[in-house]
Amino acid sequence: MAVKETLVITKFLRERTEDSWEYAAAREHNNAYGALEKALKMEPAALVEEVQKSGLRGRGGAGFGTGQKWSFLPPDIFPRYLAVNADEGEPATFKDHMLIERDPHQIVEGSIITAYAIQAHHAFIYLRGEFALGAERLQAAVEDAYANGFLGKNILGSGFDLELIVHRGAGCYIAGDETGLLSSLEGERAMPRIKPPFPAVQGLYAAPTIVNNVETMSAVTQIVNNSGEWYAGMGVGKSLGTRIFSVSGNVERPGNYEVELGTTFRELIEGLAGGVKGGKQLKFFIPGGASSPWLLPEHLDEPLDMDRATELGTMLGSGAIMVFDETVDPVLIAWRIAKFFAHESCGKCTPCREGSGWLEKVLYRMANGLGRAEDLDLLLGFGNNLAPGLSWPPGQTTICQLGPSTMSPTVSLNKYWGDEIRARLTADEARRKTLQVTPA
Ligand SMILES: Cc1cc2nc3c(=O)[nH]c(=O)nc-3n(C[C@H](O)[C@H](O)[C@H](O)COP(=O)(O)O)c2cc1C
Ligand code: SF4
């Protein structure tokens, strides 16, 4: 099998693990801040155009065009802010974590370039609170950048000023939502806000704000280094460039793999990640983090393409691919994911606050032989209030995407194993009646 691994963002850190986060190594071996020197000689508008040319789409989950997002800033409204999303809370996603710990200068550089492109003089990297080593290395990288004239006043004599602050979050998933993140940065609870207005129009301190993911920032550095055209020369359709996928679960070689978009799930899972562990059969896989609807072995030859994923009723989301073998009970996995969402719901919207808890309770009894015959249909019934249409992308009755995402596992259970699960629940109920066990 041809295995495509295209190292662009991760090339340097794959080559050097022992000192890749250090300023001297990054300068000597990875041309760190070379892209910034180039960028500062360009007009900000030309940089926005270059990133638009690259076709880069955000790597945080939604896949929105990066240059396009930057172009939405209302002209002539200042100050503007940049907030780099380093919260990485989506279960099984661990790519940003690796970039932060091993190549923080690439992120800092991409953040400075982005701030210059959007003419922001204050930028924040909102870092997941639990990332202790990441915080240490990122902070050291920022200090090195200040010490060497890449941050602060009159950067490299360009006249451009930028203050960059690393802000450690308090450890909740919902702070990863861009508006939850902005609330948290302002010192409030990380409660998402209704959109519109979108952050590009009214974000931090009610000023225009660009929120971009860590991997997106790293890609910006590479695009400026090599050109938008170079980046757009990789990929497929409107999914251009490379992406880092975190592969976990029942595979021989779990880990982060950077591949050109358009590579197939099979090349990634069976090739780079070594296939299902112990020679077992693949039962299903989750293609884009816990929020995404699931796929089956028959989808292995599909390309890693954001638009094709939408056609398949799912998404590439945060780039976390979870692999499950034939011994795994999908109902148990659905319950575990539901438990996470119920715990992380911020409680602002009724369907999510109430629905996520009910989902967790009913899936718990379904997974533990205590289900009722009607349980799957009960979930699909009230789940329609959480994810209207019960398809992907779902309709929305809630402020943020966490609400509809809670239904992805249940919708997948019904789609692939609905009859089997209903028969199992009927049998469980009959057995319980014989045993006179009271359901939870
Ligand atoms: C519940 C929830 C959690 C999210 N968590 C993250 C996260 O941890 N990191 C991230 O970059 N984006 C996360 N996002 C997506 C952000 O809202 C936003 O789309 C992203 O940071 C924009 O950056 P990008 O355009 O570079 O992808 C989350 C979204 C939701 C709804
Ligand atoms: S959908 Fe859930 S997590 Fe998102 S704002 Fe509403 S209650 Fe909070």
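**Close-up views of a predicted model**

**View 1. Strand β1 is mostly covered in this predicted model.** All of the residues in β1, which spans residues 81-86, are buried: six of six.

**View 2. Strand β1 pairs with β2 and with β4.** Start with strand β2, residues 122-127: six bridges join β2 to β1, and the two run parallel. Two facing pairs can be picked out here. Leucine 82 stands opposite alanine 123 of β2, and valine 84 stands opposite isoleucine 125 of β2. Now turn to strand β4, residues 209-213, which is joined to β1 by five bridges and also runs parallel to β1. In general, strands of a sheet pair through backbone hydrogen bonds, in either a parallel or an antiparallel way.

**View 3. Four strands make an open, parallel sheet.** Reading across the sheet, the order is β3-β2-β1-β4. The edges belong to β3 (163-168) and β4; each has a single partner strand, so one side of each is left without a neighbour in the sheet. On average, and ignoring direction, neighbouring strands of this sheet are turned by 20 degrees against each other.

**View 4. Leucine 300 sits in a loop.** The loop lies between strand β9 (282-286) and helix α13 (306-311). Is leucine 300 buried or partly exposed? Leucine 300 counts as partly exposed because it has 16 C-beta neighbours inside 10 Å, while a buried residue would need 20 or more. Which residues does leucine 300 contact, leaving aside its neighbours within four places in sequence? They are Thr264, Phe265, Arg266 and Ile269. Take a moment to look at arginine 266: 34 residues separate it from leucine 300 in sequence, yet their C-alpha atoms are 4.8 Å apart in space.

Note on methods: Residues are numbered from 1 along each chain as its sequence is written. Chains are lettered from A and ligands numbered from 1 in the order in which they are written. This is a predicted model: local features need pLDDT of at least 70, side-chain atom pairs count only at pLDDT 80 or more; totals for chains, interfaces and linings use all residues. A residue is buried if 20 or more other C-beta atoms lie within 10 Å of its own, exposed if 12 or fewer, and partly exposed in between; C-beta atoms are placed from the backbone. Two strands pair if DSSP finds at least two bridges between them. Two residues are in contact if their C-beta atoms, placed from the backbone, lie within 7 Å. Axes are lines fitted to C-alpha atoms, for helices over the stretch in contact, and angles run from 0 to 180 degrees between N-to-C directions.
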